[in-house]
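Take a look at the chain first, then read on.

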Amino acid sequence: MTDTVVVTTPDATPAVLQPTLTDAIAAALAYSLSAGESALASAASAATSASAGATAAAAASAALVALVGVANGIAGLDGLRFVPLAQIAGLTDAQISATAAISGSKINPVFLNPVAINSSGGAVLTVGNGSTGSATPTRLNFDASYSTVPGANPKLSLFGSAGDGFGVSASALDYMVAGGHAHNFYVNGSKVGSLAATGLSSVGVSVATPANSLSQAFASIQSLSGVLAGNPAFNANWLKLSSDTLDVGGGFVQGLLVEQHFGGAGTKGGRQTILSAAFLVAPTDASNTNRNYVSLSASIEAASGDGGSLGSEKGALFASNFVAIADAGATHLLDVTGSEVDIIMRAGSSSLYKWGWDVVSAVGDAVHGSLEDAAFNARCDQGAIGWMNAFQVSTAAGTAPTYGVSPGGTILYGGVTASVALRAGIDLSGVSSPWVQSAIVLPANNGGIWWGTGFQGGSIISVTAANGGGIIFDNDVTIFNFGASEPVKITPAGIQLQGSLVIVAGLTTFSASTTSYASINIPPGTAPTTPVNGNIWFDGSNFKAQVGGATKTFTLV
């Protein structure tokens, strides 16, 4: 096989020149080397004699083969030395390229000076010519030297001396870019990721399933230290969707979705799809001015309305939304809860305040809801069955019956120093449908309603578990009843009694008569069938009284 000498000039298309014997010998003799390399001249002469009768091109190739063999035998040389051919007449810059093996030998060039490959574009260096898979693919080898400074001194520099390239430091492969540069990743011409000094951004990340079912697909461990001036907020990790104009119709765009599918034979233990845990392990600095520590925080902020108008409002903001769904086949479950808040203060701890939920109208909150405004709201979507109890205090589900409020506690407490003028304590006036039982139900023979901590302002108390009385407010009448009996009615005209009026002790005094009414009036009626001593009645003609077992008639004089 015949090698060729490729002669190139900057920014020019390479030309192929069949070498002559004279060119090959001139290439060997033109370089002034050490005394030991004079063997090159002898090899050239031997090649000339051996090539007698051959064509010029074949003779030149034979000369090159001889030169390679001699060069491989010279100490310190790895192969043929390519020489600048500036001495060759008519050329200002050139290089020799061996395109194939020659009689089983390969040209293995060693460049004594930096080599520049100049081209106006396109591929200027191709290693290998294979196109299929192989156990021994073509490769480009570097020596075993490495940089003693991690992240510096690339072995393959891609942008001049700027530092963009690939290198090796102690037991590490280094990917390097200069200051202000970034690692960008592209698929089919589109950027899918960028890694710069500010971190990882604009990335679509796909993590392959680990081969081992107990391996972590993603793990990140970092430590923070140092000082940031000016009391800034610092994001140790940041995932940002910088813009979103996606049209999904009436659906949702999920900024971050984490799914966990579990169940089946062998599945044991609880599951927590996302766990946020923060630990205060030592007191913070004495000069710390912000001692609020939050393990999980969510917020949403609107800088614009959503196209609504007065009477046609649009857009709803929710800082969080917890949904628990039991599908049709999920039967005999113990608990379906939208959110649970667990508070644990272990023995030996202390805190001024202990709250399960703390709903705060925060600094800057300056406007009430134009229709409704509440710290807590229980509602029902269209078509849902609603709640049996809007607020409930009960025993723990599935555990020993421990009531949710401690002995001596209060189910609904208005506060220690609630000096604000409130419209009402409890307002159920908006419920227009009849109550199935009653608006307020209190236990029988177990207290009642007090005005004042010691009922000094009055009270309504139940002291019996059966046959207790009631008060009914009707149209212009207040009725005191006992079961079906209504013995006392109070109307604008006065008090009506059914049954006897018994004055247990004390003097009964009637008001003085006026021109409008008398002090007392006994309407006419019939005599009692069995009068008892002390009875007085008026039969329409005479007043009568039962005295000493006999009926006496008052005689008017």
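L156 stands opposite F166 in β4. That pairing comes from a predicted model, where local features need pLDDT of at least 70, side-chain atom pairs count only at pLDDT 80 or more, and totals for chains, interfaces and linings use all residues. Numbering runs from 1 along each chain as its sequence is written, and side-chain values use heavy atoms, with hydrogens and water left out.

**Around β4**
- Strand β3 (residues 156-157) pairs with β4 in the antiparallel sense over two bridges; strands here are DSSP E runs of at least two residues, numbered from the N terminus, and pairing takes at least two DSSP bridges.
- β4 is also joined to β5 (residues 172-176), antiparallel again, by five bridges, with G165 opposite M176.
- The β4-β5 hairpin has two residues between its strands, and S171 takes a positive phi near 55° there.
- Side chains in a regular strand alternate between the two faces of the sheet.
- In β4 (residues 165-169), G165, G167 and S169 make up the covered face, while F166 and V168 are on the uncovered one.

**The four-stranded sheet**
- An open antiparallel sheet runs in the order β11-β12-β13-β14.
- β11 (470-474) and β14 (494-497) are the edges, each with a single partner strand, so one side of each has no neighbour in the sheet.
- β13 (residues 485-491) is held to β14 by four bridges, and V488 has L497 as its bridge partner.

**Confidence**
- Mean pLDDT (the predictor's per-residue confidence, from 0 to 100) is 77 for the chain, and 73% of the residues score at least 70.
- Residues 50-57 have pLDDT below 50.
- Residues 68-112 stay under 50 as well.

Conventions. Contact = heavy atoms within 4.5 Å. Buried < 20%, exposed > 50% of the residue type's maximum accessible area, 1.4 Å probe, protein only.
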